[in-house]
2 protein chains.
Amino acid sequence: MAKTKTEKPVILITNDDGISAPGIKALVEAALPFGKVVVVAPDKPQSGMGHAITIGHHLRLQKVHYMEGVEAYSCSGTPVDCVKLAVDKVLHRKPTICLSGINHGANHSINVIYSGTMSAALEASIESIPSIGFSLLDLSIEADFTAAKHFAAIIIEKVLSDKKLDKHLCLNVNFPKVATNLIKGIKICKQAYAKYEEKFVERVDPHGKKYYWLTGEFKNFDKSKDTDVWALKNNYVSVVPVQFDLTNHALKTQLSKKWKW
Amino acid sequence: MAKTKTEKPVILITNDDGISAPGIKALVEAALPFGKVVVVAPDKPQSGMGHAITIGHHLRLQKVHYMEGVEAYSCSGTPVDCVKLAVDKVLHRKPTICLSGINHGANHSINVIYSGTMSAALEASIESIPSIGFSLLDLSIEADFTAAKHFAAIIIEKVLSDKKLDKHLCLNVNFPKVATNLIKGIKICKQAYAKYEEKFVERVDPHGKKYYWLTGEFKNFDKSKDTDVWALKNNYVSVVPVQFDLTNHALKTQLSKKWKW
């Protein structure tokens, strides 16, 4: 978008918990002082949808009454669909910035890859729209977003005021589940090497057939102190710059030398 | 898996086009000479599902008759669910290697991020299972997998015979749509910076309500010659080593210096 000096930033907001989640309301409130807010968010929960897009079905877009001064739409698709549809059919141009969240639950470490919230943010950055995904380490529908809102506003302001912003900037921001006064600050981090060890729970239906529920235990294998997991454990807000280039460049160099065909 | 010298490699195979797709059959045939093959694949097409996992629903797993000497199961979930469920409930241990595909259609450049085929491979690598995702640049159900099978076998053998393999190795392999004798060789590449420019097709249902179909035009912005897009255009098989650490390390260093809170 060619932004003139007098034009207010256009802020696109989405999430993966769905348009009625308290977390996205908190993010809209945090973002409102900074520009014109447009919400395009899923019409139902889309947690764990990763970077899924809808190609075998059509999509619906529904204008909804949301909040005074906020244009809002619910979308039948995934978080990534929401970003694509917002740019093409709602805004008809790129917004200044795309915000996603505030997610009910952590998206640090490996969660970034499963998270619809973060995939929406990453999709924006693919489209050269700087983006931030926000998540609070509290899954509850009753989660207290006070501290998250406070620090989200600080980070939004920092990004919007940076005149030399990377056009593919994408930040994965996580907030610890503590009160504002207990948060020690904001730390730029790397993604911790941590994963879930799956344990599917097996059940039997009334017809005698087995079915399975995905559950898992979180294991952090990363002992370094510049990770998002470390920062959050020590009551910092973690900020990980993420990218959509998945190339393992070190391995590319190594395999090019090692493997002869 | 602790593999003894006499034990055959255990090869887990999945895909995103579904267990009945010709592409996965081609991959099973290519892999069979190298070990014990177990198939756990989606019971329906799951293209474009990215790294989605199923958390709000249960999963079903159904043993199916597939091919002589091949144990096979269809799964109601996403490609990533298939890998998780296969390790926990079918194999009860990690396979030697996980193969995904052969996908009907390209997964080079940015496609890696939307692809269920590649997300299954990436999920395996998160679980320390070396993995390879294979894709043919031909969307057709009638696609000719002859050349793809030939080169897939070469790559599978190379990976299985490498004694110093990175446990998180994940390769994104794409085959050009040409006959075996026209393929110039195999190239280790980086992911091209290319993307889709979305154009949603708007239609109106019989009740007068709008709906949208996602379509897009592929645009390659990357002029370098070590990309997967370049290799494929020049009739090479492209091999991109990919990773699940999404941290933009250069930006992490830059922002740590630039931004004071």
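**Exercise 1. Identify the residues with the most contacts inside the largest nonpolar core.**

Solution. The largest nonpolar core comprises 161 residues, and those with the most contacts inside it are Leu27(A) and Leu27(B). A nonpolar core is a set of buried Ala, Val, Leu, Ile, Met, Phe, Trp, Tyr and Cys residues joined through C-beta atoms within 7 Å. A residue is buried if 20 or more other C-beta atoms lie within 10 Å of its own, exposed if 12 or fewer, and partly exposed in between, with C-beta atoms placed from the backbone. The model is predicted: local features need pLDDT of at least 70 and side-chain atom pairs pLDDT 80 or more, while totals for chains, interfaces and linings use all residues. Residues are numbered from 1 along each chain as its sequence is written, and chains are lettered from A and ligands numbered from 1 in the order in which they are written.

Next, neighbours within four places in sequence are set aside; Leu27(B) is then in contact with Ile13(B), Leu99(B), Gly101(B), Ile102(B), Phe134(B) and Ala152(B). Contact requires C-beta atoms, placed from the backbone, within 7 Å.

**Exercise 2. Determine whether Ala30(B) is buried or exposed, and list what it touches.**

Solution. Ala30(B) belongs to helix H1 (residues 22-31) of chain B. Because 26 other C-beta atoms lie within 10 Å, Ala30(B) is buried. Residues up to four places away in sequence are not counted; Ala30(B) then touches Lys149(B), Ala152(B), Ala153(B) and Ile156(B). Phe151(B) is 121 residues from Ala30(B) in sequence, yet their C-alpha atoms are 8.9 Å apart.

**Exercise 3. Describe the nine-stranded sheet of chain A and name its edge strands.**

Solution. The sheet is open, with mixed pairing, in the order S3-S4-S2-S1-S5-S6-S7-S13-S8. Its edge strands, S3 (61-67) and S8 (185-188) of chain A, each pair on one side only. Strands are DSSP runs (E, at least two residues), as helices are (H or I, at least four), numbered from the N terminus; two strands pair if DSSP finds at least two bridges between them.

**Exercise 4. State how many residues of chain B are in contact with chain A, and classify them.**

Solution. On chain B, 58 residues are in contact with 58 residues of chain A. The chain B side has 30 nonpolar, 15 polar and 13 charged residues. Here Ala, Val, Leu, Ile, Met, Phe, Trp, Tyr, Cys and Pro count as nonpolar, Asp, Glu, Lys and Arg as charged, and the others, Gly among them, as polar.

Note on methods:
Two residues are in contact if their C-beta atoms, placed from the backbone, lie within 7 Å.
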